[in-house]
Amino acid sequence: DGFKEGVAAVYRQVGSVDKLQDLIQEKSTSMNLERMFSTSCSIAHTRWATHGAPSVVNAHPQTCGDQNEFVVVHNGIITNQLALREFLRS
């Protein structure tokens, strides 16, 4: 039904939140939108591209791992990203 148990479903889009909503609506034909979850969280975030060009790859949320084990949306520049990456890998 488009969802995997224990895996965060992540959708990214360049542009306005309306464009993200359109993308999700397009993909909804392959999703069971009636499915009930024990937990859920939805975040739509618009930001200016301060580092890197606007692209789907640079869009939030940023994820880690094939199963999206770690998902983050931030508002700003992460200046200690190398230390965080090292910590998360250990």
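I started with the lining of the second largest pocket: by class, seven residues are nonpolar, nine polar and three charged. I counted Ala, Val, Leu, Ile, Met, Phe, Trp, Tyr, Cys and Pro as nonpolar, Asp, Glu, Lys and Arg as charged, and the others, Gly among them, as polar.

I am working on a predicted model, where local features need pLDDT of at least 70, side-chain atom pairs count only at pLDDT 80 or more, and totals for chains, interfaces and linings use all residues. Residues are numbered from 1 along each chain as its sequence is written, and side-chain values use heavy atoms, with hydrogens and water left out.

I looked up the volume of the second largest pocket next, and found about 730 Å³. Of its 19 lining residues, Gln62, Val72, Ile78, Gln81 and Arg85 are the closest to the centre. A pocket here is an open set of points on a 1 Å grid over the protein atoms alone, where a 1.4 Å probe fits, with protein on both sides within 12 Å along at least five of seven lines; lining residues have an atom within 4 Å of a point.

Then I checked which elements contribute. Strand 1 (62-64), strand 2 (70-72) and helix 2 (81-89) each supply at least two lining residues. Helix 2 gives the most, five. Helices (H or I, at least four residues) and strands (E, at least two) are DSSP runs, numbered from the N terminus.

I took Val72 in strand 2. Val72 is partly exposed because its relative accessible area is 27%; the class lies between buried (under 20%) and exposed (over 50%), with a 1.4 Å probe and protein chains only. Its C-alpha atom is 5.4 Å from that of Pro61, eleven residues apart along the chain.

I moved to the surface. Phe70, Ile78, Leu84, Phe87 and Leu88 form a nonpolar patch with about 470 Å² of accessible area together. Patch residues have over 30% relative accessible area and no salt bridge, with nonpolar side chains joined within 5 Å and like charges within 9 Å. Helix 2 again leads, with three residues.

Key: Points joined across faces, edges and corners; volume = space filled by probe spheres on them. Areas by Shrake-Rupley, 256 points an atom, 1.4 Å probe, with all protein chains shown as cover. Salt bridge = Lys/Arg side-chain N within 4 Å of Asp/Glu carboxyl O.
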